[in-house]
Amino acid sequence: MVKKPKYSLIVPVYNRPDEVEELLESLAIQSLKDFELLIVEDGSSIPCKSVCDAYSDRINIRYFFKENSGPGPSRNYGMEQANADYFIIFDSDCLIPENYLAEVDFFLSKNPIACFGGPDAAHPSFSAVQKAINFVMTSPITTGGIRGGGEQLGKFQPRSFNMGISREVFEKVGGYGKIHPGEDPDLSFRIWQAGFDTALIEKAHVFHKRRIDWQKFSKQVYKFGVVRVILNKWHKGTSRFTYWLPALFSLGLLGSIALFPLFPFLVDVYLLYFVLVFLGALLRERSLCIAVLAVWAAAVQFFSYGFGFLKAQFLLRLLGKDEFKALPGFFFK
């Protein structure tokens, strides 16, 4: 009889064989070996099967190819095929520290939680742009906290690049929905509504590369702003004033520039904020270049997220439109 693995790691993949190879290299050196890895190829035209085959002697890999349906349903497919009682979800653009599973295993031995997640960090090999974007996506002085990166805004919302779910939770809640992005906070809300808790395992971090440039970053956080409104509509009582902050920040900055001849001191408030972002990034990254890029990244983040948030508020709240008709690009069929 084949021994059931303790953990099933599930990774949806779409045209990313190079990323998968880096991910597999990091998983091959895990200090805790009691796991299986399920690679779910989501209708890729550039498959990664040959990469998986090359690591089959070092990792217990199970490779699946399916029609394209988006990351949420692909993760569900992986969980349906998994053998363990705990599922851990990664994105293909992650690198996993060698003690990751050991940290998760130690935490769960003391705190048998139904759903958990860990933070993300920038690997030393990442580019300056990736590190600057990582800073503003994780720092509490930008929208890192607003997006659920810490406990200060309530319950921790695990993100699907680093998220663990028990089999019991999956069978009761039904896994991820077909919205994207936003499928992970949607799942967290449904997990809480079903009576389960979530937890942050601070030591279980991953290196999240965020395959991104400035245009892609702007588009990504714009989508985050839109789906926040959709999720608040779906899940009553989840709205927070903090979700308005990027939009209010952006409108306030534009207003202070317009009123500069009359009230020049208003601009000083925003300059002070960007100085804090610069100093925060400088202290963390020890790089003048990354600190400068972090200021730009923060501006892009606030304006793009804020625009998406206000657009969705206008369409869904003010005009009362149906999200599936008004914003069809956010849902997989």
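Reader: Where does Glu323 lie?
Author: Glu323 lies in helix H12, which covers residues 323–326. Keep in mind that this is a predicted model.

Reader: And is Glu323 buried or exposed?
Author: Glu323 counts as buried, because its relative accessibility is 4% and the cut-off for buried is under 20%.

Reader: Ok, what is Glu323 in contact with, leaving aside neighbours within four places in sequence?
Author: Glu323 is in contact with Ile230, Lys233, Trp234, Leu316, Pro328 and Phe331.

Reader: Switching to the surface: which residues form a nonpolar patch?
Author: Ile141, Leu272, Val275, Leu276 and Leu279 form one, and together they have about 420 Å² of accessible area. Leu276 sits in helix H10, residues 265–285. At 47% relative accessibility, Leu276 counts as partly exposed.

Reader: Now strand S2. How many of its residues are buried?
Author: 8 of the 8 residues in S2 (residues 35–42) are buried. Both faces are covered, with Phe35, Leu37, Ile39 and Glu41 on one side and Glu36, Leu38, Val40 and Asp42 on the other.

Reader: Which strands do bridges join to S2?
Author: Strand S1 (residues 7–13) runs parallel to S2, joined by 7 bridges, and Ile10 has Leu38 as its bridge partner in S2. Strand S3 (residues 61–66) is also parallel to S2, with 6 bridges, and there Glu41 has Phe65 as its partner.

Reader: What do S1, helix H1 and S2 make?
Author: A right-handed β-α-β unit, with H1 spanning residues 17–27. S2, helix H2 (residues 49–54) and S3 make a right-handed β-α-β unit too.

Technical notes:
Residues numbered from 1 in each chain as written. Predicted model: local features only at pLDDT ≥ 70, side-chain atom pairs only at ≥ 80, totals over all residues. Heavy atoms only, no water. Helix = DSSP H or I, 4+ residues; strand = E, 2+ residues; numbered from the N terminus. Buried < 20%, exposed > 50% of the residue type's maximum accessible area, 1.4 Å probe, protein only. Contact = heavy atoms within 4.5 Å. Patch = residues over 30% accessible without salt bridge, like charges linked within 9 Å, V, L, I, M, F, W, Y side chains within 5 Å. Areas by Shrake-Rupley, 256 points an atom, 1.4 Å probe, with all protein chains shown as cover. Salt bridge = Lys/Arg side-chain N within 4 Å of Asp/Glu carboxyl O. Pairing = 2+ DSSP bridges. Right-handed = clockwise from strand over helix to strand, strands pointing away.
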